[in-house]
Amino acid sequence: MRILITGYKGFIGRNMVNALKNEHDLDLYDLGDELPSFAHISQVIHLGAIADTSCRDVDKIMTHNYDFTRMLYERCLRDYVNIQFASTASVYGKSTEFTETSKLEPLNPYAYSKYLCERLLMKPQDRIKVQIFRYFNVYGPGEDHKEHQASPYNKFEKQARETGRIKLFKGSENYHRDFIHVNDIITVHKKFLNFRDKGIWNLGTGKTKTFMEIAEMVAKKYKAKIEIIPMPKDLENSYQSFTKADITKLMKTLKQ
């Protein structure tokens, strides 16, 4: 199978390329590249996006996330190329229900751009197979370039190694998130390449850990101290305090 991977320079993209390069022929695209010909491509794995949840430049996010996705989707329809799309649990906002049919409440431009992409890609059509994955909190090797957008696993380990201290937002014992390793994300993508199913699936573990639990685990490993700091004002209204994927649909599909 010949696969086009967008966003191949990113955290998940790099891991995806390493996992697929010995199994499939790959074409790679990242922002600023020339999009390759679709003549021999049979599958797109669309990971590329501005994923900074703190970015407030709506025009920039809409151009790179929504407009590019629309153009890519139109090319896929024209050339009969299936597409897997990386969405996000951020579309749920502050909801406490996380099924694929739950009400969506995106709280920032990034989440809203993904919501719009989902609406575009889920329009009824019979030409291609569209599979959308709502990632929950992904962590794993290769996050360093993400800086403040890296997972707490990465942030806390880096702080512990470099300073012997872990900076933790006040109230972090109340922030429960569903953390999933990047290798598990890739495993699902690979399996779904061979499935005929179309639709949207949550990609999480169905379990939660608090930021405090992760900090304590890392602090114990590196003999580091935990320092409690105030929550930044710009995050207070858009910070998800709880995410827990309902993976009933995912498990049912994987069992086929």
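This is a predicted model: local features need pLDDT of at least 70, side-chain atom pairs count only at pLDDT 80 or more; totals for chains, interfaces and linings use all residues.

Mentor: Residues are numbered from 1 along each chain as its sequence is written, and side-chain values use heavy atoms, with hydrogens and water left out.

Trainee: Why is the pair Arg 78 and Asp 79 called a salt bridge?

Mentor: The term requires a side-chain nitrogen of Lys or Arg within 4 Å of a carboxyl oxygen of Asp or Glu. In the pair Arg 78 and Asp 79, the N to O distance is 3.1 Å, so the pair meets the definition. The count by this rule is eight salt bridges.

Trainee: What makes Arg 78 exposed, and is Asp 79 exposed or partly exposed?

Mentor: Buried means under 20% relative accessible area, exposed over 50%, and partly exposed in between, with a 1.4 Å probe and protein chains only. Arg 78 has 53% relative accessibility and is therefore exposed. Asp 79 has 28% and is therefore partly exposed.

Trainee: Which residues does Ser 95 touch, and why is Ser 95 called buried?

Mentor: Ser 95 touches Lys 103, Glu 105 and Phe 242, where contact means heavy atoms within 4.5 Å and residues up to four places away in sequence are not counted. Its relative accessible area is 15%, so Ser 95 is buried. Ser 95 is found in the loop between β4 (82-88) and α3 (109-121); helices (H or I, at least four residues) and strands (E, at least two) are DSSP runs, numbered from the N terminus. A polar atom of the Ser 95 side chain lies 3.0 Å from the backbone nitrogen of Glu 97.

Trainee: What makes the link between Asn 65 and Ser 113 a polar contact?

Mentor: A polar contact is a pair of N or O atoms within 3.5 Å; within protein, one must be able to donate a hydrogen and the other to accept it, and residues adjacent in sequence count only if both atoms are side-chain atoms. The side chains of Asn 65 and Ser 113 are joined at 3.1 Å. Asn 65 lies in helix α2, and at 2% relative accessible area Asn 65 is buried. Besides Ser 113, Asn 65 is in contact with Ala 49, Ile 50, Tyr 110 and Cys 117, leaving aside neighbours within four places in sequence.

Trainee: Why is Glu 118 called buried?

Mentor: Glu 118 has a relative accessible area of 4% and is therefore buried. Glu 118 is found in helix α3, and among the residues that Glu 118 touches are Leu 104, Arg 134 and Ile 200.

Trainee: Why are Glu 157 and Arg 161 separated by about one helical turn?

Mentor: Glu 157 and Arg 161 are separated by about one helical turn because they are four residues apart in helix α4 (residues 152-163). The closest N and O atoms of Glu 157 and Arg 161 are 3.8 Å apart, and the two form a salt bridge. A network of salt bridges links Glu 157, Arg 161 and Lys 221. Glu 157 is partly exposed at 23%, as is Arg 161 at 48%.

Trainee: Which residues of α4 meet α6?

Mentor: Pro 152, Tyr 153, Phe 156, Glu 157, Ala 160 and Arg 161 in α4 meet residues of α6, including Phe 211, Ile 214 and Lys 221.

Trainee: Where is Lys 223 found, and what makes Lys 223 exposed?

Mentor: Lys 223 is found in the loop between α6 and β12 (225-229). Lys 223 has 75% relative accessibility and is therefore exposed. Phi of Lys 223 is near 55°, a positive value in a residue other than glycine.
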